[in-house]
Amino acid sequence: MLLGAIADDFTGATDLCSMLVRGGMRTVQLIGVPGPDVPVPDVDAVVVALKSRTIPAGQAVEESLAALKWLQAAGARQYFFKYCSTFDSTERGNIGPVADALVNALDCGFALACPAFPTNARTVYLGYLFAGGSLLNESGMENHPLTPMTDANLVRVLSRQTEGTVGLVPFVTVNQGAQAIRDAMTQLKERGRRYAIVDAITDEHLIAIGEAAANHAMITGGSGVAMGLPANFRRQGLLSDAADPGALPMVAGASAVVAGSCSRATLAQLGFARNHLPVFEIDALATPDAAALSEAALAWASDKIGGKPVVIAASAPPEKVAALQASLGREQAGALVEDAVARIAEGLVARGVRKLVVAGGETSGSVVGRLGVRSLRIGGEIDPGVPWTLASGRGPDLMLALKSGNFGATDFFLKAFRVLEA
Ligand code: ADP
(Lines give C-alpha, C1' and ligand atoms only; values in the text may rest on other atoms or scores of the structure.)
Protein backbone atom coordinates (compact mmCIF):
# COMPACT_ATOMS: atom_id res chain seq x y z
CA MET A 1 0.00 0.00 0.00
CA LEU A 2 1.35 3.41 -0.94
CA LEU A 3 -1.21 5.88 0.38
CA GLY A 4 -3.29 5.49 3.53
CA ALA A 5 -6.07 8.04 3.89
CA ILE A 6 -8.57 8.94 6.58
CA ALA A 7 -11.72 10.77 5.43
CA ASP A 8 -14.09 12.57 7.78
CA ASP A 9 -17.22 11.53 5.88
CA PHE A 10 -18.52 8.82 3.62
CA THR A 11 -19.14 10.54 0.28
CA GLY A 12 -15.96 12.59 0.73
CA ALA A 13 -14.07 9.33 1.00
CA THR A 14 -15.54 8.09 -2.27
CA ASP A 15 -14.66 11.39 -3.90
CA LEU A 16 -11.01 10.94 -2.88
CA CYS A 17 -11.06 7.31 -4.04
CA SER A 18 -12.30 8.36 -7.48
CA MET A 19 -9.53 10.96 -7.73
CA LEU A 20 -6.87 8.34 -6.92
CA VAL A 21 -8.29 5.80 -9.40
CA ARG A 22 -8.28 8.50 -12.08
CA GLY A 23 -4.60 9.05 -11.26
CA GLY A 24 -3.89 5.36 -11.79
CA MET A 25 -4.01 3.98 -8.24
CA ARG A 26 -6.02 0.87 -7.40
CA THR A 27 -8.10 1.99 -4.44
CA VAL A 28 -10.32 0.51 -1.74
CA GLN A 29 -12.63 2.41 0.63
CA LEU A 30 -13.11 0.84 4.05
CA ILE A 31 -16.23 1.72 6.04
CA GLY A 32 -15.38 2.78 9.59
CA VAL A 33 -12.24 1.99 11.58
CA PRO A 34 -11.04 -1.39 10.36
CA GLY A 35 -10.64 -4.03 13.06
CA PRO A 36 -7.28 -5.77 13.48
CA ASP A 37 -8.69 -8.81 11.65
CA VAL A 38 -9.53 -6.86 8.47
CA PRO A 39 -7.17 -8.14 5.77
CA VAL A 40 -5.04 -5.54 3.96
CA PRO A 41 -6.40 -5.29 0.42
CA ASP A 42 -3.94 -5.71 -2.44
CA VAL A 43 -4.22 -2.14 -3.74
CA ASP A 44 -2.19 1.08 -3.99
CA ALA A 45 -4.40 3.21 -1.74
CA VAL A 46 -6.83 2.61 1.10
CA VAL A 47 -9.26 5.31 2.24
CA VAL A 48 -10.86 4.76 5.64
CA ALA A 49 -14.26 6.46 5.66
CA LEU A 50 -15.22 7.81 9.08
CA LYS A 51 -18.24 9.85 10.07
CA SER A 52 -16.15 12.19 12.20
CA ARG A 53 -16.89 15.66 10.85
CA THR A 54 -19.37 16.75 13.49
CA ILE A 55 -19.00 14.23 16.32
CA PRO A 56 -17.31 15.43 19.56
CA ALA A 57 -13.64 16.31 18.83
CA GLY A 58 -12.28 13.76 21.31
CA GLN A 59 -14.12 10.97 19.60
CA ALA A 60 -13.03 12.16 16.14
CA VAL A 61 -9.41 12.11 17.35
CA GLU A 62 -9.77 8.65 18.83
CA GLU A 63 -11.27 7.15 15.66
CA SER A 64 -8.77 8.88 13.40
CA LEU A 65 -5.83 7.61 15.46
CA ALA A 66 -7.26 4.08 15.39
CA ALA A 67 -7.57 4.32 11.60
CA LEU A 68 -3.99 5.62 11.38
CA LYS A 69 -2.74 2.74 13.46
CA TRP A 70 -4.36 0.23 11.12
CA LEU A 71 -2.96 2.00 8.05
CA GLN A 72 0.51 2.08 9.61
CA ALA A 73 0.37 -1.64 10.38
CA ALA A 74 -0.75 -2.17 6.78
CA GLY A 75 2.48 -0.52 5.61
CA ALA A 76 1.29 2.76 4.05
CA ARG A 77 4.15 5.02 2.93
CA GLN A 78 2.28 8.30 3.12
CA TYR A 79 -0.88 9.47 4.89
CA PHE A 80 -3.69 11.77 3.87
CA PHE A 81 -6.33 13.41 6.04
CA LYS A 82 -9.30 14.24 3.81
CA TYR A 83 -11.86 16.87 4.75
CA CYS A 84 -14.40 18.84 2.79
CA SER A 85 -13.40 21.36 0.13
CA THR A 86 -15.41 23.93 2.09
CA PHE A 87 -13.33 23.17 5.21
CA ASP A 88 -16.51 22.10 7.06
CA SER A 89 -15.76 22.31 10.77
CA THR A 90 -16.83 24.07 13.94
CA GLU A 91 -14.85 26.62 15.97
CA ARG A 92 -13.41 23.80 18.02
CA GLY A 93 -12.89 21.22 15.36
CA ASN A 94 -12.70 18.72 14.08
CA ILE A 95 -10.07 19.45 11.44
CA GLY A 96 -7.53 21.02 13.83
CA PRO A 97 -7.73 18.48 16.66
CA VAL A 98 -7.61 15.50 14.28
CA ALA A 99 -4.70 16.97 12.28
CA ASP A 100 -2.83 17.75 15.54
CA ALA A 101 -3.27 14.18 16.72
CA LEU A 102 -2.09 12.74 13.40
CA VAL A 103 0.94 15.08 13.21
CA ASN A 104 1.89 14.06 16.75
CA ALA A 105 1.37 10.36 16.12
CA LEU A 106 3.48 10.50 12.97
CA ASP A 107 6.02 12.77 14.68
CA CYS A 108 6.31 14.80 11.48
CA GLY A 109 5.91 18.27 13.01
CA PHE A 110 4.28 19.79 9.95
CA ALA A 111 1.54 19.30 7.38
CA LEU A 112 0.12 21.34 4.54
CA ALA A 113 -3.58 22.15 4.44
CA CYS A 114 -5.27 22.75 1.11
CA PRO A 115 -9.00 22.25 0.53
CA ALA A 116 -8.93 23.79 -2.98
CA PHE A 117 -10.77 21.96 -5.76
CA PRO A 118 -10.93 24.28 -8.79
CA THR A 119 -13.07 21.85 -10.83
CA ASN A 120 -15.80 22.43 -8.24
CA ALA A 121 -15.04 26.14 -7.96
CA ARG A 122 -13.27 25.88 -4.60
CA THR A 123 -10.15 28.04 -4.71
CA VAL A 124 -7.81 29.47 -2.09
CA TYR A 125 -6.18 32.88 -2.56
CA LEU A 126 -4.03 34.48 0.15
CA GLY A 127 -5.50 31.97 2.53
CA TYR A 128 -9.09 32.96 1.75
CA LEU A 129 -11.35 30.16 0.57
CA PHE A 130 -13.77 30.91 -2.24
CA ALA A 131 -16.72 28.65 -3.06
CA GLY A 132 -18.46 29.12 -6.39
CA GLY A 133 -17.17 32.66 -6.87
CA SER A 134 -18.00 33.92 -3.36
CA LEU A 135 -15.99 34.07 -0.21
CA LEU A 136 -16.76 31.00 1.87
CA ASN A 137 -18.65 33.04 4.46
CA GLU A 138 -20.88 34.53 1.75
CA SER A 139 -21.41 31.31 -0.19
CA GLY A 140 -24.31 29.92 1.80
CA MET A 141 -21.93 27.89 3.94
CA GLU A 142 -22.37 30.50 6.68
CA ASN A 143 -25.87 29.03 7.13
CA HIS A 144 -24.91 25.36 7.23
CA PRO A 145 -26.97 23.67 9.97
CA LEU A 146 -24.02 21.78 11.51
CA THR A 147 -20.83 23.51 10.41
CA PRO A 148 -21.55 27.19 9.69
CA MET A 149 -18.46 28.73 8.08
CA THR A 150 -18.46 32.40 9.03
CA ASP A 151 -14.80 33.18 8.31
CA ALA A 152 -13.18 32.59 4.90
CA ASN A 153 -9.61 33.13 6.18
CA LEU A 154 -8.32 29.61 6.67
CA VAL A 155 -5.17 30.70 8.51
CA ARG A 156 -7.46 32.19 11.16
CA VAL A 157 -9.94 29.31 11.08
CA LEU A 158 -7.31 26.62 11.52
CA SER A 159 -5.44 28.71 14.12
CA ARG A 160 -8.56 28.64 16.28
CA GLN A 161 -8.71 24.84 16.08
CA THR A 162 -5.07 23.83 16.60
CA GLU A 163 -2.57 23.95 19.44
CA GLY A 164 0.08 24.73 16.82
CA THR A 165 0.57 27.79 14.63
CA VAL A 166 -0.43 28.27 11.02
CA GLY A 167 1.44 29.91 8.14
CA LEU A 168 0.63 30.60 4.51
CA VAL A 169 2.22 29.68 1.18
CA PRO A 170 0.79 32.46 -0.97
CA PHE A 171 -0.22 32.42 -4.62
CA VAL A 172 2.96 34.14 -5.88
CA THR A 173 5.01 31.28 -4.49
CA VAL A 174 2.64 28.52 -5.56
CA ASN A 175 2.64 29.94 -9.08
CA GLN A 176 6.42 29.43 -9.28
CA GLY A 177 6.02 25.67 -9.05
CA ALA A 178 6.96 22.70 -6.90
CA GLN A 179 10.46 23.74 -5.87
CA ALA A 180 9.33 27.16 -4.63
CA ILE A 181 6.44 25.60 -2.72
CA ARG A 182 8.76 23.00 -1.18
CA ASP A 183 11.21 25.71 -0.06
CA ALA A 184 8.41 27.84 1.42
CA MET A 185 7.05 24.91 3.39
CA THR A 186 10.51 24.00 4.69
CA GLN A 187 11.00 27.59 5.88
CA LEU A 188 7.63 27.63 7.63
CA LYS A 189 8.43 24.36 9.36
CA GLU A 190 11.84 25.71 10.46
CA ARG A 191 10.10 28.77 11.87
CA GLY A 192 7.96 26.50 14.00
CA ARG A 193 4.73 26.55 12.02
CA ARG A 194 2.80 23.32 12.31
CA TYR A 195 0.60 23.97 9.27
CA ALA A 196 0.72 25.86 6.02
CA ILE A 197 -2.45 26.86 4.25
CA VAL A 198 -1.40 26.62 0.61
CA ASP A 199 -3.08 28.76 -2.05
CA ALA A 200 -4.36 27.04 -5.19
CA ILE A 201 -6.48 28.36 -8.02
CA THR A 202 -5.87 25.85 -10.81
CA ASP A 203 -5.27 22.12 -11.19
CA GLU A 204 -1.68 22.95 -12.14
CA HIS A 205 -1.23 24.47 -8.69
CA LEU A 206 -2.63 21.34 -7.05
CA ILE A 207 -0.28 19.12 -9.04
CA ALA A 208 2.71 21.29 -8.09
CA ILE A 209 1.67 21.20 -4.41
CA GLY A 210 1.39 17.42 -4.58
CA GLU A 211 4.86 17.19 -6.09
CA ALA A 212 6.27 19.51 -3.41
CA ALA A 213 4.85 17.26 -0.70
CA ALA A 214 6.30 14.02 -2.08
CA ASN A 215 8.35 13.49 1.08
CA HIS A 216 5.77 14.68 3.59
CA ALA A 217 4.58 12.04 6.04
CA MET A 218 1.07 13.46 5.92
CA ILE A 219 -0.94 15.76 3.69
CA THR A 220 -4.27 17.29 4.65
CA GLY A 221 -6.89 18.67 2.31
CA GLY A 222 -9.77 18.09 -0.04
CA SER A 223 -9.65 15.46 -2.76
CA GLY A 224 -8.20 18.07 -5.17
CA VAL A 225 -4.77 18.16 -3.58
CA ALA A 226 -4.50 14.37 -4.02
CA MET A 227 -4.33 15.00 -7.76
CA GLY A 228 -0.52 15.25 -7.77
CA LEU A 229 0.18 12.27 -5.51
CA PRO A 230 0.01 9.32 -7.95
CA ALA A 231 2.74 10.96 -10.06
CA ASN A 232 5.05 11.06 -7.01
CA PHE A 233 4.74 7.32 -6.53
CA ARG A 234 5.22 6.79 -10.25
CA ARG A 235 8.40 8.91 -10.21
CA GLN A 236 9.69 6.81 -7.33
CA GLY A 237 9.08 3.66 -9.39
CA LEU A 238 6.45 2.41 -6.94
CA LEU A 239 3.40 2.68 -9.17
CA SER A 240 3.23 1.10 -12.61
CA ASP A 241 1.17 2.46 -15.49
CA ALA A 242 0.10 -0.83 -16.90
CA ALA A 243 -3.10 -2.10 -15.30
CA ASP A 244 -6.54 -0.50 -15.46
CA PRO A 245 -6.84 0.78 -11.89
CA GLY A 246 -10.66 0.77 -12.02
CA ALA A 247 -11.05 -2.77 -13.36
CA LEU A 248 -13.53 -4.76 -11.28
CA PRO A 249 -14.47 -8.41 -11.55
CA MET A 250 -17.96 -8.88 -13.00
CA VAL A 251 -20.65 -10.00 -10.58
CA ALA A 252 -23.59 -11.94 -12.02
CA GLY A 253 -27.10 -11.15 -10.83
CA ALA A 254 -30.12 -8.90 -11.19
CA SER A 255 -30.13 -5.08 -11.28
CA ALA A 256 -32.03 -2.52 -9.21
CA VAL A 257 -32.15 1.11 -8.11
CA VAL A 258 -33.29 2.40 -4.72
CA ALA A 259 -33.69 6.14 -4.23
CA GLY A 260 -34.08 8.17 -1.05
CA SER A 261 -32.70 11.43 -2.39
CA CYS A 262 -35.21 14.20 -3.06
CA SER A 263 -32.77 16.43 -4.91
CA ARG A 264 -33.78 18.00 -8.19
CA ALA A 265 -31.26 15.88 -10.06
CA THR A 266 -32.58 12.63 -8.60
CA LEU A 267 -36.22 13.60 -9.28
CA ALA A 268 -35.33 14.31 -12.91
CA GLN A 269 -33.43 11.01 -13.17
CA LEU A 270 -36.49 9.17 -11.82
CA GLY A 271 -38.72 11.03 -14.29
CA PHE A 272 -36.50 9.82 -17.12
CA ALA A 273 -36.32 6.26 -15.78
CA ARG A 274 -40.15 6.03 -15.65
CA ASN A 275 -40.21 5.99 -19.47
CA HIS A 276 -37.85 3.03 -19.66
CA LEU A 277 -37.89 0.95 -16.48
CA PRO A 278 -40.46 -0.41 -13.98
CA VAL A 279 -40.70 2.14 -11.15
CA PHE A 280 -42.42 1.72 -7.77
CA GLU A 281 -42.97 4.63 -5.43
CA ILE A 282 -43.27 4.07 -1.72
CA ASP A 283 -45.64 6.41 0.10
CA ALA A 284 -44.44 6.97 3.64
CA LEU A 285 -47.23 9.45 4.36
CA ALA A 286 -49.93 6.84 3.67
CA THR A 287 -48.01 4.07 5.48
CA PRO A 288 -45.59 5.46 8.07
CA ASP A 289 -44.14 2.03 8.83
CA ALA A 290 -40.75 0.94 7.43
CA ALA A 291 -41.46 -2.79 7.55
CA ALA A 292 -44.83 -2.45 5.80
CA LEU A 293 -43.39 -0.10 3.16
CA SER A 294 -40.57 -2.47 2.36
CA GLU A 295 -42.89 -5.50 2.22
CA ALA A 296 -45.12 -3.77 -0.31
CA ALA A 297 -42.18 -2.70 -2.46
CA LEU A 298 -40.61 -6.15 -2.40
CA ALA A 299 -43.92 -7.83 -3.23
CA TRP A 300 -44.15 -5.54 -6.28
CA ALA A 301 -40.56 -6.28 -7.28
CA SER A 302 -40.52 -10.04 -6.74
CA ASP A 303 -41.68 -11.17 -10.18
CA LYS A 304 -39.79 -8.37 -11.96
CA ILE A 305 -36.31 -9.04 -10.55
CA GLY A 306 -34.05 -10.47 -13.22
CA GLY A 307 -35.75 -8.57 -16.03
CA LYS A 308 -35.12 -4.87 -16.62
CA PRO A 309 -33.60 -3.08 -13.61
CA VAL A 310 -36.35 -2.37 -11.05
CA VAL A 311 -36.50 1.10 -9.52
CA ILE A 312 -37.93 1.70 -6.04
CA ALA A 313 -38.12 5.30 -4.86
CA ALA A 314 -39.13 7.17 -1.74
CA SER A 315 -38.07 10.39 -3.43
CA ALA A 316 -40.72 13.06 -3.53
CA PRO A 317 -41.07 16.75 -4.42
CA PRO A 318 -40.67 19.35 -1.63
CA GLU A 319 -44.39 19.66 -0.77
CA LYS A 320 -44.69 15.90 -0.16
CA VAL A 321 -41.48 15.84 1.89
CA ALA A 322 -42.82 18.78 3.91
CA ALA A 323 -46.11 16.93 4.52
CA LEU A 324 -44.34 13.88 5.96
CA GLN A 325 -42.05 16.12 8.02
CA ALA A 326 -45.05 18.03 9.37
CA SER A 327 -46.67 14.78 10.38
CA LEU A 328 -43.62 13.03 11.93
CA GLY A 329 -41.00 15.73 12.51
CA ARG A 330 -38.00 16.27 10.26
CA GLU A 331 -35.62 13.75 11.80
CA GLN A 332 -38.22 11.07 12.33
CA ALA A 333 -39.38 11.39 8.71
CA GLY A 334 -35.84 11.03 7.37
CA ALA A 335 -35.07 8.09 9.65
CA LEU A 336 -38.28 6.28 8.71
CA VAL A 337 -37.64 6.58 4.98
CA GLU A 338 -33.96 5.67 5.33
CA ASP A 339 -34.93 2.59 7.30
CA ALA A 340 -37.52 1.58 4.70
CA VAL A 341 -35.13 2.04 1.78
CA ALA A 342 -32.39 0.08 3.58
CA ARG A 343 -34.79 -2.80 4.25
CA ILE A 344 -35.81 -2.75 0.59
CA ALA A 345 -32.17 -2.91 -0.50
CA GLU A 346 -31.61 -5.85 1.83
CA GLY A 347 -34.70 -7.61 0.45
CA LEU A 348 -33.60 -7.01 -3.13
CA VAL A 349 -30.19 -8.55 -2.43
CA ALA A 350 -31.86 -11.52 -0.73
CA ARG A 351 -33.88 -11.96 -3.95
CA GLY A 352 -30.84 -12.04 -6.22
CA VAL A 353 -30.00 -8.40 -6.96
CA ARG A 354 -26.22 -8.00 -7.28
CA LYS A 355 -26.02 -4.66 -9.13
CA LEU A 356 -27.52 -1.92 -7.05
CA VAL A 357 -27.63 1.84 -7.49
CA VAL A 358 -28.45 3.88 -4.37
CA ALA A 359 -29.44 7.54 -4.73
CA GLY A 360 -28.85 9.81 -1.73
CA GLY A 361 -25.91 10.42 0.61
CA GLU A 362 -27.64 9.65 3.91
CA THR A 363 -29.63 6.95 2.17
CA SER A 364 -26.37 5.34 1.00
CA GLY A 365 -25.03 5.35 4.56
CA SER A 366 -28.13 3.62 5.80
CA VAL A 367 -28.14 1.01 2.98
CA VAL A 368 -24.44 0.23 3.41
CA GLY A 369 -24.99 -0.18 7.18
CA ARG A 370 -27.97 -2.50 6.72
CA LEU A 371 -26.15 -4.64 4.15
CA GLY A 372 -23.11 -4.90 6.43
CA VAL A 373 -20.76 -3.61 3.71
CA ARG A 374 -17.21 -3.23 5.05
CA SER A 375 -15.24 -2.32 1.94
CA LEU A 376 -15.70 -0.85 -1.52
CA ARG A 377 -13.22 -1.51 -4.31
CA ILE A 378 -13.49 1.54 -6.54
CA GLY A 379 -14.18 1.04 -10.25
CA GLY A 380 -14.66 3.36 -13.19
CA GLU A 381 -16.97 6.35 -13.00
CA ILE A 382 -20.51 6.25 -14.39
CA ASP A 383 -20.73 10.04 -14.27
CA PRO A 384 -18.23 12.40 -12.56
CA GLY A 385 -17.95 11.55 -8.87
CA VAL A 386 -20.02 8.36 -9.00
CA PRO A 387 -18.03 5.18 -9.56
CA TRP A 388 -19.23 1.60 -9.61
CA THR A 389 -17.73 -0.24 -6.68
CA LEU A 390 -17.37 -3.86 -5.67
CA ALA A 391 -18.83 -4.09 -2.18
CA SER A 392 -17.79 -6.81 0.24
CA GLY A 393 -18.87 -7.50 3.78
CA ARG A 394 -21.35 -9.61 5.70
CA GLY A 395 -23.40 -10.61 2.63
CA PRO A 396 -22.54 -11.68 -0.91
CA ASP A 397 -20.22 -9.49 -2.99
CA LEU A 398 -22.17 -7.01 -5.08
CA MET A 399 -21.75 -4.09 -7.44
CA LEU A 400 -22.80 -0.92 -5.66
CA ALA A 401 -23.04 2.63 -7.02
CA LEU A 402 -23.65 5.27 -4.34
CA LYS A 403 -24.89 8.49 -5.88
CA SER A 404 -25.04 11.59 -3.76
CA GLY A 405 -28.21 13.50 -4.55
CA ASN A 406 -27.09 16.14 -6.99
CA PHE A 407 -24.73 13.98 -9.03
CA GLY A 408 -25.32 12.31 -12.35
CA ALA A 409 -26.90 13.19 -15.69
CA THR A 410 -30.63 12.71 -16.34
CA ASP A 411 -30.18 9.21 -17.83
CA PHE A 412 -28.05 8.09 -14.87
CA PHE A 413 -30.19 5.12 -13.82
CA LEU A 414 -30.04 3.62 -17.31
CA LYS A 415 -26.46 4.56 -18.02
CA ALA A 416 -25.25 2.93 -14.80
CA PHE A 417 -26.23 -0.52 -16.06
CA ARG A 418 -25.29 0.21 -19.66
CA VAL A 419 -21.67 0.94 -18.74
CA LEU A 420 -21.46 -2.44 -16.99
CA GLU A 421 -22.35 -4.19 -20.22
CA ALA A 422 -19.83 -2.24 -22.30
P1 ADP B 1 -29.23 13.76 -0.88
O2 ADP B 1 -27.93 13.11 -1.24
O3 ADP B 1 -30.04 14.18 -2.07
O4 ADP B 1 -29.08 14.84 0.17
P5 ADP B 1 -30.01 12.00 1.26
O6 ADP B 1 -30.29 10.53 1.17
O7 ADP B 1 -28.73 12.43 1.90
O8 ADP B 1 -30.12 12.59 -0.21
O9 ADP B 1 -31.15 12.75 2.04
C10 ADP B 1 -32.50 12.62 1.69
C11 ADP B 1 -33.31 12.47 2.97
O12 ADP B 1 -34.68 12.63 2.65
C13 ADP B 1 -33.16 11.10 3.60
O14 ADP B 1 -33.09 11.22 5.00
C15 ADP B 1 -34.45 10.40 3.19
O16 ADP B 1 -34.81 9.38 4.07
C17 ADP B 1 -35.42 11.55 3.21
N18 ADP B 1 -36.61 11.30 2.37
C19 ADP B 1 -36.67 10.63 1.22
N20 ADP B 1 -37.92 10.60 0.72
C21 ADP B 1 -38.66 11.30 1.59
C22 ADP B 1 -40.05 11.65 1.62
N23 ADP B 1 -40.87 11.24 0.65
N24 ADP B 1 -40.48 12.38 2.65
C25 ADP B 1 -39.63 12.79 3.62
N26 ADP B 1 -38.33 12.50 3.65
C27 ADP B 1 -37.84 11.77 2.63
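Asp88 pairs up with Arg53 in a salt bridge, with 3.7 Å between the closest N and O atoms (the rule wants a side-chain nitrogen of Lys or Arg within 4 Å of a carboxyl oxygen of Asp or Glu). That pair ties together distant parts of the chain, 35 residues apart: Asp88 sits in the loop between β4 and α3, and Arg53 in the loop between β3 (45-49) and α2 (57-73). Helices here are DSSP runs of H or I with at least four residues, strands are runs of E with at least two, and both are numbered from the N terminus.

Some ground rules before the details. This is a predicted model, where local features need pLDDT of at least 70 and side-chain atom pairs count only at pLDDT 80 or more, while totals for chains, interfaces and linings use all residues. Residues are numbered from 1 along each chain as its sequence is written, and side-chain values use heavy atoms, with hydrogens and water left out.

**Salt bridges**

- Searching the whole structure turns up 16 salt bridges.
- Both ends of the opening pair are tucked away: Asp88 is buried because its relative accessible area is 6%, and Arg53 is buried at 14% (buried means under 20% relative accessible area, exposed over 50%, partly exposed in between, with a 1.4 Å probe and protein chains only).
- Arg160 and Glu91 make another salt bridge through their side chains, at 3.1 Å from N to O.
- This one also links distant parts of the chain, 69 residues apart, with Arg160 in helix α4 (residues 154-161) and Glu91 in the loop between β4 and α3.
- Arg160 has 38% relative accessibility, so it counts as partly exposed.
- Arg418 and Asp411 meet in a salt bridge as well, at 3.7 Å from N to O.
- Arg418 is partly exposed at 46%, and Asp411 is partly exposed at 22%.
- Shared partners join the salt bridges of Asp8, Asp9, Arg53 and Asp88 into one network.

- Domain 1 puts 16 residues into the contact and domain 2 puts in 14 (contact means heavy atoms within 4.5 Å).
- Between them, domain 1 and domain 2 bury about 1,200 Å², with 59% of that on carbon and sulfur atoms; buried area is the accessible area (1.4 Å probe) that two parts lose on being put together, summed over both.
- On the domain 1 side, Phe10, Ser18 and Ile31 lose the most area to domain 2, together 35% of what that side buries.
- The rule finds 1 salt bridge across the interface of domain 1 and domain 2.
- Glu381 and Arg22 form a side-chain salt bridge at 3.0 Å, N to O.
- There are 5 residue pairs in polar contact between domain 1 and domain 2, both residues at pLDDT 80 or more. A polar contact is a pair of N or O atoms within 3.5 Å; within protein, one must be able to donate a hydrogen and the other to accept it, and residues adjacent in sequence count only if both atoms are side-chain atoms.
- α1 (10-22) and β2 (27-31) each supply at least two residues of the domain 1 side that touches domain 2, and α1 gives the most to that side, with 7 residues.

- As background, most residues other than glycine have a negative phi, and most peptide bonds are trans.
- The peptide bond from Gly93 to Asn94 is cis, with omega near 10°, and Asn94 lies in the loop between β4 (78-82) and α3 (95-106).
- Phe87 has a positive phi, near 55°, and is placed in the loop between β4 and α3.
- Phe87 is buried, with a relative accessible area of 0%.
- Leu126 has a positive phi too, near 50°, in the loop between β6 (122-125) and β7 (128-131).
- Leu126 counts as partly exposed, at 41% relative accessibility.

- Ser294 is in helix α10 (residues 290-302) and is buried at 7% relative accessibility.
- Leaving out residues up to four places away in sequence, Ser294 touches Ala340, Arg343 and Ile344.
- Ser364 is in helix α13 (residues 361-371) and is buried, with a relative accessible area of 1%.
- With residues up to four places away in sequence again left out, Ser364 touches Val358, Leu402 and Lys403.
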